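Hi,

Here is the structure I promised to hand over. Please have a look at it first, and then read on for what turned up.

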Amino acid sequence: MTKYFSEISDTIQNYFDGLYEGNIEKLKSAFHEECHLFSSSDDFSNWSRDKWLQIVENRDSPEKLGLDRHDKIVFVDLADENTALAKIQLAIPPRYFTDYLSLIRINGNWKIISKTYKTEIHN
């Protein structure tokens, strides 16, 4: 099962790098095309992957803004060789996020199938 942790970490790293760089292709490689993103930090939101990618694409990336990175994998829990849950933390200051990522392995590739997240504002 150790190799699965490494593969899952690679998928999450693509997410971290894609979000920091504003690189939509890296984000697409990490997220399943049917993925949904959920939050109730303000109002309840249920976004498709493509809606979220449009938002990311139309804003300045944290890298372009010169912001420090705050990426961290808190834990990965494997249910079996095809199903996992990860808790991660990242930030686009002043917004700090805690994400719960449901991941599935399809044709040997790990993809984020669902993201549920919380946002905090730190001034």
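Below are my notes on its pocket, its cavity, its strands and a few residues.

Before the details, please keep in mind that this is a predicted model, where local features need pLDDT of at least 70 and side-chain atom pairs count only at pLDDT 80 or more, while totals for chains, interfaces and linings use all residues. Residues are numbered from 1 along each chain as its sequence is written, and side-chain values use heavy atoms, with hydrogens and water left out.

**The pocket**

The largest pocket has a volume of about 360 Å³. Pockets and cavities were searched for on a 1 Å grid over the protein atoms alone: a cavity is a set of points where a 1.4 Å probe fits but cannot get out, and a pocket is an open set with protein on both sides within 12 Å along at least five of seven lines. Lining residues have an atom within 4 Å of a point, and a volume is the space filled by probe spheres set on the points, which are joined across faces, edges and corners.

The lining of this pocket has 20 residues, with Trp47, Arg95, Phe97, Tyr117 and Thr119 nearest its centre. At least two lining residues come from each of H1 (2-21), E2 (45-48), H3 (49-57), E4 (83-92), E5 (95-106) and E6 (109-121); E6 gives the most, with four. Helices (H or I, at least four residues) and strands (E, at least two) are DSSP runs numbered from the N terminus. Sorted by class, the pocket lining has ten nonpolar, four polar and six charged residues. Here Ala, Val, Leu, Ile, Met, Phe, Trp, Tyr, Cys and Pro count as nonpolar, Asp, Glu, Lys and Arg as charged, and the others, Gly among them, as polar.

**The cavity**

One cavity of 30 Å³ or more was counted. The largest cavity has a volume of about 70 Å³, and its lining includes Phe16, Tyr20, Asp68, Arg69 and Leu90. H1 and E4 each supply at least two residues of that lining, which by class has seven nonpolar, one polar and three charged residues.

**Strands and helices**

Strand E1 (residues 31-39) runs parallel to E6, joined by five bridges (strands pair if DSSP finds at least two bridges between them). Histidine 36 has serine 114 in E6 as its bridge partner. With E2, E1 pairs in the antiparallel sense over four bridges, and the two form a hairpin with five residues between them. Phenylalanine 38 is bridged to asparagine 46 in E2.

In H3, the buried residues (under 20% relative accessible area, with a 1.4 Å probe and protein chains only; exposed is over 50%, partly exposed in between) are Arg49, Trp52, Leu53 and Val56. They lie on the same side of H3, because they cover an arc of only 100° around the axis, taken from the directions from the helix axis to the C-beta atoms. Their cover includes H1, H2 (24-30), E1, E2 and E6.

**Two single residues**

Threonine 11, in helix H1, counts as buried because its relative accessibility is 8%. Leaving aside neighbours within four places in sequence, threonine 11 is in contact (heavy atoms within 4.5 Å) with Ala30, Leu103, Trp110 and Ile112.

Asparagine 23 sits in the loop between H1 and H2 and, at 25% relative accessibility, counts as partly exposed.

Best wishes
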